[in-house]
Amino acid sequence: MPPLKINLSDGSSRLVQLRDALVSFGRAAENDYPFISDTALSRRHLTIGPENGQWFVEDLKSKNGTRLNGAPLQGRQLLSSGDRIEAGGLILFFHPNPETSGKARVVFPDMPSTVADAPRIARTLNDVVSQGEALPAALSRDPIRSAALISALLEAGRELAGRRTLPELFQLVLDLTLKSVAARRGVVLTLENGELVPGAALGDEFQISSAVRDRVLQKRESLLIADLHLDQSLKDSRTLMGQKVRSLMAVPLQTRDKVIGLIYVDSPDEVNVFNTDDLGLLTVLANIAAARIENARLLEVEEKEQLLRQELEQAAEIQRSLFPKQTPAIRGIELCGASIPCRAVGGDFYDYLPLPDGRLGILIGDVAGKGLPAALLMSGLLARAQVLAGFSSSPVEIISRLNKIFAASCPGNRFVTLFLLALDPASGSFSYCNAGHNPPYLIHRSGASEMLTAGGPVVGIFGGLNYAEGAGTLNPGDLLLLFSDGVSEAQSPDGREFGEHTLLELVRRHRAESGVSVITAIRSAVEEFQNGAPAHDDSTLVAVRRP
């Protein structure tokens, strides 16, 4: 069944598929296609229906009448391909055998050289039209024709000014093209990754000379072949004659600095062949359309980027909610933690986990990678760690189980470094397991330091690995610092790393201060070292101090 494209008065459009039965249009709800808010329509305005393989339109004695291709519709008339029906605020385009959504087949065969070389057959208007010379010349020759040209350009400017999606815009450009030059077939082609892709078409197959294509795209020329029968080599072309092409035009979709595609139209009409005025009009229309298409593309990109920003902001908010909402108040222990992603979201994390035996679990981790993929893995792993910590107090057992679970589901190019410490607040004794993470620093009151290295490899590569457990004591005056490599590997503008030695000396100098002061001092020193250079990795710090 043929499609019917309907342009509404608010600038929107819709494509409906006519069925093999009479359908009605009007303001009343009982119509097959009611437009209740269009007060210029009669209650029952017009019908479209089939008869003996043909389609007819009939005005139902409406108050404001119906126009077919600009002329008043009297009673019932036969519809032809490309007919334009105007009723109230509606404009209906009838396409009995089209491919209207960019699905038409377009090929570029080699054709006689005259298509590209013969000046009397290929007319170039790119410079003349773009400088505003061709149309004024046409206007001065024929006042009637000049009025039609001005009307067509005004309509194009008005119709293309509205905001539309790219598919709607391609279809509108095609409709304006076919109407302005009275073409029977046409296709709007845009360059997508170096290939010409149909955006909208009226016609099922187009064979466009590769010479025409290259001349339009590369030399930015508008080409006219007014009558193929005037040139024997073209007349003998089976490709063109097989499609019953008598006259054709091809013009570039050209913005200020580049060609983004082309518009091609042809006609089998022996009387109404295209002329240079048609070519000039189509070239100007294509320039207007190209600017609108490019703007629509930029708007789509901007909207997608804005949507992505909104999604990332929501993801960041969700991730922040996964971190400890408040630091546990534990007698005799000072705790402070902070995590800063280098993007909206990141793969670093830390958490405080109440363990079944009454000890406090302190977890820090770093998922390989950055951004949203790392954040998704991080949230899954943190949730599993919280569940496992409700059943076991052993850092080795928890990390071993996490490794087994994560190795079975983790993508092949991902892994996680983990450090889990179980601290007895009363005595300061602790046990821990380090799974490939930066060894935390235990800074004693005297200034001596040690690194907590016992454990095993990173999590997520091989399941069933054995991990070792380390132990120690946080004595009064001692400070334990957990950190991710985003801190020690922070870079200056000239590419130098902050370094673990610098970090260790900084912690030593501030070991007698509160955990908050220690973390504040580290972050300030790192920011000063970076001197405005962007962070290349997430950074996380957790300070545990026993006053």
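Me: Where is the place of Ile 461?

Reply: Helices (H or I, at least four residues) and strands (E, at least two) are DSSP runs, numbered from the N terminus. Ile 461 is in the loop between strand S26 (455–456) and strand S27 (470–473). This is a predicted model, in which local features need pLDDT of at least 70 and side-chain atom pairs pLDDT 80 or more, whereas totals for chains, interfaces and linings use all residues. Residues are numbered from 1 along each chain as its sequence is written, and side-chain values use heavy atoms, with hydrogens and water left out.

Me: Why does Ile 461 count as partly exposed?

Reply: Buried means under 20% relative accessible area, exposed over 50%, and partly exposed in between (1.4 Å probe, protein chains only). Ile 461 is partly exposed because its relative accessibility is 39%.

Me: Which residues form a nonpolar patch on the surface?

Reply: Patch residues have over 30% relative accessible area and no salt bridge; like charges are joined within 9 Å, and nonpolar side chains (Val, Leu, Ile, Met, Phe, Trp, Tyr) within 5 Å. A salt bridge is a side-chain nitrogen of Lys or Arg within 4 Å of a carboxyl oxygen of Asp or Glu. Here Phe 415, Ile 461 and Phe 462 form the patch, with about 280 Å² of accessible area together, by the Shrake-Rupley method with a 1.4 Å probe, only the protein chains shown counting as cover for residues.

Me: What does Ala 468 touch, leaving out residues up to four places away in sequence?

Reply: Contact means heavy atoms within 4.5 Å. Ala 468, in the loop between S26 and S27, touches Val 396, Tyr 432, Cys 433, Ala 454 and Gly 455. The C-alpha atoms of Ala 468 and Pro 395 are separated by 9.5 Å, although the two are 73 residues apart along the chain.

Me: What order do the strands of the open sheet have?

Reply: Two strands pair if DSSP finds at least two bridges between them. The five strands have the order S19-S29-S28-S24-S25, with antiparallel pairing. Strand S19 (334–340) and strand S25 (449–451) are the edges, each pairing on one side only. Three bridges join S24 (residues 441–443) to S25, and Tyr 441 stands opposite Met 451.

Me: Which strands does helix H13 lie across?

Reply: Axes are lines fitted to C-alpha atoms, for helices over the stretch in contact, and angles run from 0 to 180 degrees between N-to-C directions. Helix H13 (residues 500–509) lies across S24, S25 and strand S28 (479–483), at about 30 degrees to S24.
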